[in-house]
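Please consult the sequence and the coordinates alongside the text.

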Amino acid sequence: MGLREEWRVAQISLALTLLGIVFLAVTAIFYAVSGTADNKTVENQTVPPEPGMAENTSLPLANDSGFPEMEEDIFEMVNRKREENSTAPLEWNEELAWVARQHSRELARENRPLTEPDLACPRPFIHHEGFGFGLYHYDRLRNSGIHYFGYSGENIFTIPAWKNATSYPEELPEECPDEERIVSPYEGEHPEEQVKEAYRELLEFAENAERVSWSEVEWYGREELERNIVSGWTNSTGHRELMLDSSFDETGIGIAKVNDYYFITQIFIERLECGYKTGPCCEEEGFYPYCFEPMVCEEGVCTIPQ
């Protein structure tokens, strides 16, 4: 988002808002059970000691009144998109929704100082990496005791509750930094360190950014907000591929909100009937009972060898 310098009235337009959302929301990630290199957990990893993260993790977020209805609406809209593309609808999984909500809440807590209502240039920041109970969604699922998936994916999104805001400052705010600079792939051996560094830069910017008083605010209606979320995923190649992937058969959606910004996480899985940790061994005629590596079948149950 930016403020138009040629206007004496500083105004954020819907077009600029949606452009910022596209930059921030183009983040999708998937995982297949055969990729054992990514099978790792980070239970002991903590958020960096920065204001708005570690110190504020206990702060309450916005009242979640209406969130279950929004989650259900988005779920139904995603299924309609799948049906329009001749893809079987997804089944709702409340356990997946619980994990999705935890990630959305973690993102919302991090974003509290980046989206304060009087910031001239709010800088919402989203990422798949988590610091509370798992680095990626498949880590968070396993750390929550969910092992019955073979292929999984995650879409995330952020959007303000307002579509248009106007202020009449005595002096025009400084130019907002380029949105694109905070949207980069986090790859390599320690992607979490890249996330922390990007967050610290944004936090420093927010702490020193100009403050304004917004005199007029136009809000989204709930249905319009939901449509924009699903449209954002639909118009992004990576998000769309996950949303329409026929391999997935179950999903869960979690929403959190802080400072009039919504944070949405959707997790997809391919449900396994056997072969997973703590699950029944797979049985096939002509073969011994088996499990997915590195697990072994012991007394009809898949376990990891000690």
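Cys 297 is partly exposed at a relative accessible area of 28%, where buried means under 20% relative accessible area, exposed over 50% and partly exposed in between (1.4 Å probe, protein chains only). The model is predicted, so local features need pLDDT of at least 70 and side-chain atom pairs count only at pLDDT 80 or more, while totals for chains, interfaces and linings use all residues. Residues are numbered from 1 along each chain as its sequence is written, and side-chain values use heavy atoms, with hydrogens and water left out.

Cys 297 is joined by a disulfide to Cys 281, a disulfide being a pair of cysteine sulfur atoms within 2.5 Å. Cys 281 lies in the loop between β8 and β9 whereas Cys 297 belongs to strand β9, so the pair ties together parts that are 16 residues apart in sequence. Helices (H or I, at least four residues) and strands (E, at least two) are DSSP runs, numbered from the N terminus. Cys 281 is buried, with a relative accessible area of 8%.

A search of the whole structure finds three disulfides.

| Pair | S to S distance | S-S torsion | Handedness |
|---|---|---|---|
| Cys 274 and Cys 282 | 2.1 Å | about 100° | right-handed |
| Cys 281 and Cys 297 | 2.0 Å | 105° | right-handed |
| Cys 291 and Cys 302 | 2.1 Å | about -90° | left-handed |

Cys 291 is in the loop between β8 and β9 and Cys 302 is in strand β10 (residues 301–303), so this link ties together parts 11 residues apart in sequence. Both Cys 291 and Cys 302 are buried. In the remaining pair, Cys 274 is partly exposed at 23% relative accessible area, and Cys 282 is buried at 4%.

Thr 278 also lies in the loop between β8 and β9 (296–298) and is exposed, with a relative accessible area of 55%. Apart from neighbours within four places in sequence, Thr 278 is in contact (heavy atoms within 4.5 Å) with His 147, Val 301 and Cys 302. The C-alpha atoms of Thr 278 and Thr 303 are separated by 6.0 Å, although these residues are 25 residues apart along the chain.

A nonpolar core is a set of buried Ala, Val, Leu, Ile, Met, Phe, Trp, Tyr and Cys residues joined through side-chain atoms within 4.5 Å. The largest such core has 24 residues, and those with the most contacts inside it include Ile 74, Ile 159 and Trp 233. Among the elements giving two or more residues to this core are α2 (67–84), β4 (149–160) and α6 (222–234). Its largest share, six residues, comes from α2. A second, separate core of 15 residues includes Phe 133, Tyr 148, Ile 267 and Tyr 276.
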